[in-house]
Amino acid sequence: MDTHDDFVAARRSSLVEEFGGGARAEAAVDRALGRCRRGWRRLEQTTDVEAHVRDLVAEELERPRRRRLTLYAVGVLALLVAGAVVVSLLPAPPAVREEANRVPVPWFADGELHLADVVVSLPRAGSFVPLDEGVVIEHEDGSLLMVAADGDVSDFDEAMPEEPAPDLPPPSEGGTPGDRRLDVVLAPGGEPVHLMEISLSRHEAEIYLRQSETVRRMFLVCRDRDCTSIRRVVVAGADVRLR
């Protein structure tokens, strides 16, 4: 029965050549033979030594590739975890619900921006200016955001668009001493939209307030610039804004 050293002396060189020669094959053969030194006698009694050593050499040659794959997998996992952490730290997109706007211009009330077909929850929104079918809105931290017509919110890198208030007289129809115009804008169709603050009940406008109640805000949408024909739109909320 050969000893381990006898096997190494007899087979090392041929194994190196069998696996391609060179320093890489020599290192793999030496590591494989070293793994067999302990328990060599039992190995000869129970195993095909030649086949076992070849399997070990092949395993040693494969080890660097498996190590690279493992490191690559660990790197990919680390990137995925880092990406998940970054995503989890990002603010959640604002809630959006479908709702037709009864007013022909964007308006804001109670932390919600009303566009033509959707309502976007933006509780920290400041002033805003219509742009295309959406609006550019100023966040409380001073940054500008673009709110698209479908409610999608993105950063806006340009300056806030200018929208001067139109020079329009206040509506004359149905006015009372308790009324106060807060703002006025022109709708895309050219009709003026007045935001009014009222403090009296009016049956014809379907507004029923007691004198002790907080004043209510409503829109007067004029069908012409002189407001000879007016459509009243009552909205909920004490802090209603047109821009």
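**Arg180 stands opposite Glu197 in strand E10.** This is a predicted model, in which local features need pLDDT of at least 70 and side-chain atom pairs count only at pLDDT 80 or more, whereas totals for chains, interfaces and linings use all residues. Residues are numbered from 1 along each chain as its sequence is written, and side-chain values use heavy atoms, with hydrogens and water left out. Strand E10 covers residues 192–198 and is joined to E9 by six bridges, the two strands running antiparallel. Helices (H or I, at least four residues) and strands (E, at least two) are DSSP runs numbered from the N terminus, and two strands pair if DSSP finds at least two bridges between them. Five residues lie between E9 and E10 in this hairpin, and Gly190, in the turn, has a positive phi of about 100°.

**Strand E10 belongs to an open sheet of four strands.** The order of the strands is E9-E10-E11-E12, with antiparallel pairing. At the edges are strand E9 (180–186) and strand E12 (230–234), each of which pairs on one side only. Direction ignored, neighbouring strands of this sheet are turned by 25° against each other on average; the axes behind such angles are lines fitted to C-alpha atoms, for helices over the stretch in contact, and the angles run from 0 to 180 degrees between N-to-C directions. E10 is also joined by six bridges to strand E11 (residues 216–222), and these two strands run antiparallel. Within E11, Arg216 is the residue that Ile198 stands opposite.

**The side chains of strand E10 point two ways, and all are buried.** In a regular strand the side chains alternate between the two faces of the sheet. In E10, Pro192, His194, Met196 and Ile198 point one way, while Val193, Leu195 and Glu197 point the other way. Seven of the seven residues of E10 are buried, so the strand is mostly covered, where buried means under 20% relative accessible area, exposed over 50%, and partly exposed in between (1.4 Å probe, protein chains only).

**A second open sheet has four strands in the order E1-E4-E3-E2.** The pairing here is antiparallel. Because strand E1 (96–98) and strand E2 (107–109) stand at the edges with a single partner strand each, one side of each is left without a neighbour in the sheet. Neighbouring strands of this sheet are turned by 25° against each other on average, direction ignored. E2 and strand E3 (residues 112–114) run antiparallel and are joined by three bridges, and Trp107 stands opposite His114 in E3.

**Helix H1 bends by about 50° at Arg11.** The bend at a residue is the angle between axes fitted to the seven residues ending there and the seven starting there. Helix H1 holds 15 residues (4–18), which at 1.5 Å a residue should span 21 Å, and its end C-alpha atoms are 19 Å apart, which agrees; the expected span is 1.5 Å times one less than the number of residues. The buried residues of H1 are His4, Phe7, Arg11, Leu15 and Val16. After H1 comes Gly20, whose phi is positive, near 105°.

With a relative accessible area of 8%, His4 is buried. Leaving aside neighbours within four places in sequence, His4 is in contact (heavy atoms within 4.5 Å) with Leu33, Cys36, Arg37 and Trp40.

**Val29 is found in helix H2 (residues 22–37).** Its relative accessibility is 0%, and therefore Val29 counts as buried. Apart from neighbours within four places in sequence, the residues in contact with Val29 are Arg12, Leu15, Val16 and Val57. Val29 and Ser13 are 16 residues apart in sequence, and their C-alpha atoms are 9.1 Å apart in space.

**Leu43 is found in helix H3 (residues 40–46).** Leu43 counts as buried because its relative accessibility is 9%. When its neighbours within four places in sequence are left aside, Leu43 is in contact with Cys36, Val49 and His52.
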